[in-house]
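Happy to walk through this one with you. Take a look at the sequence and the model, and then let's go through some questions together.

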Amino acid sequence: MSAEDHAFMARALRLAERGLCTTTPNPRVGCVVVRDGTVVGEGWHERAGEPHAEVHALRAAGERARGATVYVSLEPCSHQGRTPPCVDALIEGGVTRVVAAMQDPNPRVAGTGLSQLRAAGIATECGVLEAEARDLNIGFVSRMTRGRPWVRMKIAASLDGKTALLNGKSQWITGPDARRDGHRLRARACAVLTGFGTVRDDDPRLTVRDVETSRQPLRVVVDSRLETPLDAKVLEGGNVLVFAAIADPARIAALEQRGAQVIVLANAAHKVDLEAMLAELGRRELNEVHIEAGFKLNGSLLKAGVVDELVIYLAPCLLGDAARGLFDLPALGNLAQRRSLTIRDVRQVGDDLRIVARFAS
């Protein structure tokens, strides 16, 4: 792979990022058509059901695509979905080389796109900036390979690791810049999830407000006993899913009249089965789930082993020992029982510190 290959693939990835908040449930994909070292066409996938990145780029290139090299951040699709296969468009466009950042994890593709291109006499290469491409579509990869979304847990805390006062109040620990940054995470997610405790204490809307967006994510409430008040802000406007552990017909009917859909998934402890919940969200084609919950649900999600990434904003303040912590977790008998994470990023956002960490797969 040449330096030129890396440079053009980096451009394709930047194009793919333009669909960060809009392509769900499809992956974010960018494409660049290059002939004689010059970009002659480029495009990105914008929304599901609309043309893929390759089609936009080929249209922009026109006849200049013949004999060109195509850089695409994900293996071109080889199956008929809501749009025709991109492989056919590339073959018809007369390109002579296709460079993909990564193989498509979708079992319906999974290498067949590249193999069909090779069978048509088109040179192919795969793996240029693969780590960056996988990270951009981490939720899509998760859903295709594990059957569930990528779960990102966002937490705002004081410097001594407290997320709320003893009475449950937590608005606002962090500053406006950190809150705006958190809304960017909401905007890229397919769903924003919280628990009944947060609904009771903070009455959040869970909508994207502080940044521009053309789409509001699904709102999900974990409410084992169906205690969500019917006047809760989270129910306004519909597009809400409530997971419960009891089948109370009257309460379910009342919530459904407010526009919510209720799904009963109980475990042996009469709580919501969190693993089954994530599997259901995957079945509904959700790629990324953004968690904004209290320390009890945070702890339960961690104990269930369904959290992939933590985004923690630490504010330069102290709330004291009596305040609520980050997670409700059992005491450990020794340090060998601790769960390790990998720090992915640390930066200052306004007056606060943001730490991004991931659990080992």
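Q: In which loop does Pro25 lie?
A: First, a word on the ground rules: this is a predicted model, where local features need pLDDT of at least 70, side-chain atom pairs count only at pLDDT 80 or more, and totals for chains, interfaces and linings use all residues. Residues are numbered from 1 along each chain as its sequence is written, and side-chain values use heavy atoms, with hydrogens and water left out. Helices (H or I, at least four residues) and strands (E, at least two) are DSSP runs, numbered from the N terminus. Pro25 sits in the loop between helix H1 (3–16) and strand E1 (30–35).

Q: What is the omega of the peptide bond between Thr24 and Pro25?
A: Pro25 belongs to the loop between H1 and E1. The bond joining Thr24 to Pro25 is cis, and its omega is about 5 degrees.

Q: Is Leu206 buried or exposed?
A: Leu206 lies in the loop between H8 and strand E8 (218–222), and has a positive phi of about 65 degrees although it is not a glycine. Buried means under 20% relative accessible area, exposed over 50%, and partly exposed in between (1.4 Å probe, protein chains only). Since its relative accessibility is 2%, Leu206 counts as buried.

Q: Is His270 buried or exposed?
A: His270 is not a glycine either, yet has a positive phi of about 65 degrees. Its place is in the loop between strand E10 (260–264) and helix H10 (274–283). With a relative accessible area of 62%, His270 is exposed.

Q: Which residues is Asp181 in contact with, leaving aside its neighbours within four places in sequence?
A: Asp181 is part of helix H7 (residues 176–188), and counts as buried because its relative accessibility is 10%. Contact means heavy atoms within 4.5 Å. With those sequence neighbours left aside, the contacts of Asp181 are Tyr313, Val349 and Arg354.

Q: Which element supplies the largest share of the lining of the largest pocket?
A: On a 1 Å grid over the protein atoms alone, a pocket is an open set of points with protein on both sides within 12 Å along at least five of seven lines, a 1.4 Å probe being used for cavities, and lining residues have an atom within 4 Å of a point. The largest pocket is lined by 48 residues, with Gly195, Gly197, Thr198, Ala293 and Gly294 nearest its centre. Strand E6 (150–158), H7, helix H8 (196–202) and helix H11 (295–303) each supply at least two lining residues. The largest share, six residues, comes from H8.
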